[in-house]
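Here is a brief report for a reader new to this structure. Start with the sequence and the model, then read on.

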Amino acid sequence: MPSIFGRRTTESTSFPSGPFRFVALDVETANHDRASICQIGVACVRPDNSIETWTTYVDPCTSTWAFTGLHGICQSTVSGAPRFADVLSMIEAPLCGLTIYQHSGFDRSAFRAACAMLQRNEPPWTWQNSVTVARRAWPELKGNGGHGLASLKTHLRLSFDHHDAGEDARAAAEVVLHAERAKGLEVCFHGL
């Protein structure tokens, strides 16, 4: 079933310009070091609820690739890709003042770890968790598959390729939009 929300994916060096109601962000990492971000996806939700997804590979400058089998990204994939500091300088200002959803706490912790590697503080972004939104909207899923993206994919009939940062970011944004539609803005955090 196709998404009920409009989609557009951007694979360019320029980040989309707003206005946005909120965004969802996802990362993939090369290995167990959370700072080893090798892909970042940001799903930008416009006032009409259309979603523009921006994705970039990131060179984590590592020779250890433990998760290639999961996401398909390897050293040759990120060859010539920007480093984390370059990507951060591109997205830091546009995301300030917006609610940024992650699906679990991993993505923010990866940003925090990557910023620590740069010996700088993480950006002063407003993070929220789409898992919490899903728990508030569909409490009946507890013990019935849970509130992870794989379970919500089935429950909400979402269409996305799991473990691609852009696809997962878009899925998290769609979870929030579905929750808004089904239960009202009060189950979310960006309108409060």
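R157 is exposed, because its relative accessibility is 58% and exposed means over 50%. This is a predicted model. R157 lies in the loop between helix 5 (149–156) and helix 6 (165–183). Its phi is near 55°, a positive value in a residue other than glycine.

C61 is another residue with positive phi. Its phi is near 55°, and C61 is not glycine. C61 sits in the loop between strand 4 and helix 1 (68–71). At 47% relative accessibility, C61 counts as partly exposed.

One peptide bond also deserves a look. The bond from G18 to P19 is cis, with omega near 20°. P19 belongs to the loop between strand 1 and strand 2.

**Aromatic rings**

The structure holds six aromatic pairs. One of them joins F15 and W54, in an edge-to-face arrangement.

W125 counts as buried at 6% relative accessibility. W127 is buried too, with a relative accessible area of 9%.

| Pair | Arrangement | Centre to centre | Angle between planes |
|---|---|---|---|
| F15 and W54 | edge-to-face | 5.2 Å | 70° |

Elsewhere, a charge meets a ring. The charged end of K153 sits over the ring of F160, 4.9 Å from its centre.

**Two packed helices**

Two packed helices are described by the angle between their axes and the distance between the axes. Helix 2 (residues 84–95) packs with helix 3 (residues 106–117) at an angle of about 115°. Their axes are 10 Å apart. The crossing of helix 2 and helix 3 is left-handed.

Which residues in helix 2 and helix 3 meet? Helix 2 brings F84, L88 and I91, and helix 3 brings F111, A114 and C115. The residues of this contact divide into six nonpolar, no polar and no charged.

Technical notes: Residues are numbered from 1 along each chain as its sequence is written. This is a predicted model: local features need pLDDT of at least 70, side-chain atom pairs count only at pLDDT 80 or more; totals for chains, interfaces and linings use all residues. Side-chain values use heavy atoms; hydrogens and water are left out. Rings of Phe, Tyr and Trp (its six-membered ring) pair if their centres lie within 6.5 Å; planes under 30 degrees apart count as stacked, over 60 as edge-to-face and the rest as tilted. Buried means under 20% relative accessible area, exposed over 50%, partly exposed in between (1.4 Å probe, protein chains only). A charge sits over a ring if NZ of Lys or CZ of Arg is within 6 Å of the ring centre and within 35 degrees of the ring normal. Axes are lines fitted to C-alpha atoms, for helices over the stretch in contact, and angles run from 0 to 180 degrees between N-to-C directions. Helices (H or I, at least four residues) and strands (E, at least two) are DSSP runs, numbered from the N terminus. A crossing is left-handed if the near helix is turned anticlockwise from the far one by less than a right angle, and right-handed if clockwise. Contact means heavy atoms within 4.5 Å. Ala, Val, Leu, Ile, Met, Phe, Trp, Tyr, Cys and Pro count as nonpolar, Asp, Glu, Lys and Arg as charged, and the others, Gly among them, as polar.
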